[in-house]
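Let's take a friendly walk through a protein model. Have a look at it first, and then we will go through some of its parts together.

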Amino acid sequence: MRTMPAVLVVEDEPAIAELIAVNLRHNGFRPTWAMDSVSAQREIDASLPDLILLDWMLPGESGLSLARRWRANERTKGVPLIMLTARGDEADRVAGLDSGADDYISKPFSTKELLARVRAVLRRRAPEQDGEAIVIAGLSLDSATHRVSFAEQALKLGPTEFKLLHYLMGHAERVHSRGQLLDKVWGDHVYIEERTVDVHVKRLREALGAAGPMVETVRGAGYRLTAKPATPVSLATRAQLG
Ligand code: CA
């Protein structure tokens, strides 16, 4: 990772944008400010940031809509994204995470909390250095190259889903509670709720496609990755595996 990560701040309120930018700059980041979706897209087209801080309520296209668009785009889908919003209830939080955000901060927030979350999301994205590929029943994860494939087909995973899969594959067949996964995958991030784990597991399953059933829900206990899922992978995929 670069020594000074670039952070795109998309925020229409100048006072808040300035507060964020000053704090980022003082803490070793290179912030760029965009005040609406059009200028944000222009910044992204010019240069891909290491992280995006995105306000939900923007004039014109909303932050939620921008998040969905960037997650659907091949070039921008892997860029970590934190949503900023005045909307604090559970349904909004889930909508934010479902749109592809890696994390969610409710206004008003402390700059200390903001920096902690920025660092945590970047840390999650940082490639693991310890690695050989792990292969389980055709599902392969290479932590050195950050590549995931199933039946020789490359899969695209977001940064959090990659880390989650890495942990589950490194400890396959064992059941992990949501709390354990938060500890191991999200680390010292104290602000995240257990519901967040469910959102990322759902996204991981979707990203895995035919291999999705390998990530099993164990009722009342948590999640596990298994080579022999109760819902088998599709026959077509089995045939490909030979
Ligand atoms: Ca706003």
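## A calcium site

This is a predicted model, and we begin with Asp55: its relative accessibility is 2%, so it counts as buried. Asp12 has a relative accessibility of 23% and therefore counts as partly exposed.

What do these two residues coordinate? Together with Met57, Asp12 and Asp55 coordinate the calcium ion, at 2.1 to 2.3 Å. Along the sequence, the donors follow the spacing D-x42-D-x1-M. Distant parts of the chain are linked here: Asp12 sits in the loop between strand E1 and helix H1, and Asp55 lies in strand E3, 43 residues apart.

## An open sheet

Next, find the open sheet of 4 strands, which run in the order E6-E7-E8-E9 with antiparallel pairing. E6 and E9 are the edge strands, each pairing on one side only. On average, neighbouring strands are turned by 25° against each other, direction ignored.

Within this sheet, E7 (residues 139-142) and E8 (residues 147-150) pair over 4 bridges. One of the residues to look for is Leu139, whose bridge partner in E8 is Phe150. Helix H6 packs on the sheet and touches E6, E7 and E8.

## Two crossing helices

H6 (residues 159-170) also packs with helix H8 (residues 194-208), their axes 9 Å apart. How are the two helices oriented to each other? The angle is about 85°, so H6 and H8 are roughly perpendicular.

Key: Residues numbered from 1 in each chain as written. Predicted model: local features only at pLDDT ≥ 70, side-chain atom pairs only at ≥ 80, totals over all residues. Heavy atoms only, no water. Axes fitted to C-alpha atoms, helices over the stretch in contact; angles between N-to-C directions. Parallel < 35°, antiparallel > 145°, perpendicular 65-115°, else oblique. Donors = N, O, S within 2.8 Å, 3.2 Å for Na, K, Ca; no water. Buried < 20%, exposed > 50% of the residue type's maximum accessible area, 1.4 Å probe, protein only. Pairing = 2+ DSSP bridges. Contact = heavy atoms within 4.5 Å.
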